[in-house]
Amino acid sequence: MTGDKELLNYMIENINMGLEALESLTKNLENTDNKIKSNVLKSLDVYKNFYQKCDIMRKQVKCEPAKKGLIATMMTKMGTNMEFRRDNSDSKIAETLIQGYNMGILDITKKMKMYKNDTSRDVMELAEEYKKMMEQGIEDIKGFL
């Protein structure tokens with residue numbers, strides 16, 4: 001099914017951007033006493049585990065790996081670093097992460113709707129799990145606002 005490949009590649013691209021942002025943020029938080037640090041590390045682990053699930057599913061549906069966008073990766077890292085330098089308070093970091101999660105939730109919801117008639121149940125369930133993962137990410141950090 002075409003929708004399987006499109007939806008999986010979409011999730012993998014977004015997870016890669018999330019991983020880049022979280023890894024960059026983790027490096028910026030290394031020598032700080034920010035309380036949100038443990039939440040960021042937890043999010044990074046969740047994203048890594050979810051990437052593995054998507055990659056396994058991608059192989060099952062015989063989908064070519066999504067190519068990392070070099071420009072998007074660089075922009076993500078630069079944006080994360082600039083935001084951190086501008087304001088590295090826990091509340092600003094939480095706000096920025098929540099904005100990213102919300103964008104991801106909106107985008108995956110649109111994609112799920114777009115491909116609902118051309119996607120297998122397994123891939124659609126994975127997309128729903130991805131959406132719930134981001135919703136949980138918001139819940140985990142909104143106390144820092």
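Questions and answers on helix packing and aromatic pairs in a predicted model follow.

Residues are numbered from 1 along each chain as its sequence is written. Local features need pLDDT of at least 70, side-chain atom pairs count only at pLDDT 80 or more, totals for chains, interfaces and linings use all residues, and side-chain values use heavy atoms, without hydrogens and water.

User: How many residues of the contact of α1 with α5 are nonpolar?
Analyst: α1 brings Asp 4, Leu 7, Leu 8, Met 11, Asn 14 and Ile 15, and α5 brings Val 123, Met 124, Leu 126, Ala 127 and Tyr 130 (contact: heavy atoms within 4.5 Å). Ala, Val, Leu, Ile, Met, Phe, Trp, Tyr, Cys and Pro count as nonpolar, Asp, Glu, Lys and Arg as charged, and the others, Gly among them, as polar. Besides 1 polar and 1 charged residue, the nonpolar count is 9.

User: Is the pair of Tyr 47 and Tyr 101 stacked, edge-to-face or tilted?
Analyst: Rings of Phe, Tyr and Trp (its six-membered ring) pair if their centres lie within 6.5 Å; planes under 30 degrees apart count as stacked, over 60 as edge-to-face and the rest as tilted. The search of the whole structure finds 2 such pairs. In this one the centres are 6.5 Å apart and the planes at 40°, so the pair is tilted.

User: Which helices hold Phe 50 and Tyr 130?
Analyst: These rings form a stacked pair, 5.4 Å centre to centre with 25° between the planes. Both residues are buried (under 20% relative accessible area; exposed is over 50%, partly exposed in between; 1.4 Å probe, protein chains only). The pair ties together parts 80 residues apart in sequence, because Phe 50 lies in α2 and Tyr 130 in α5.

User: Is Glu 128 buried, partly exposed or exposed?
Analyst: Glu 128 sits in α5. Its C-alpha atom is 9.8 Å from that of Ile 105, 23 residues apart along the chain. With a relative accessible area of 27%, Glu 128 is partly exposed.

How values were computed: Helix = DSSP H or I, 4+ residues; strand = E, 2+ residues; numbered from the N terminus.
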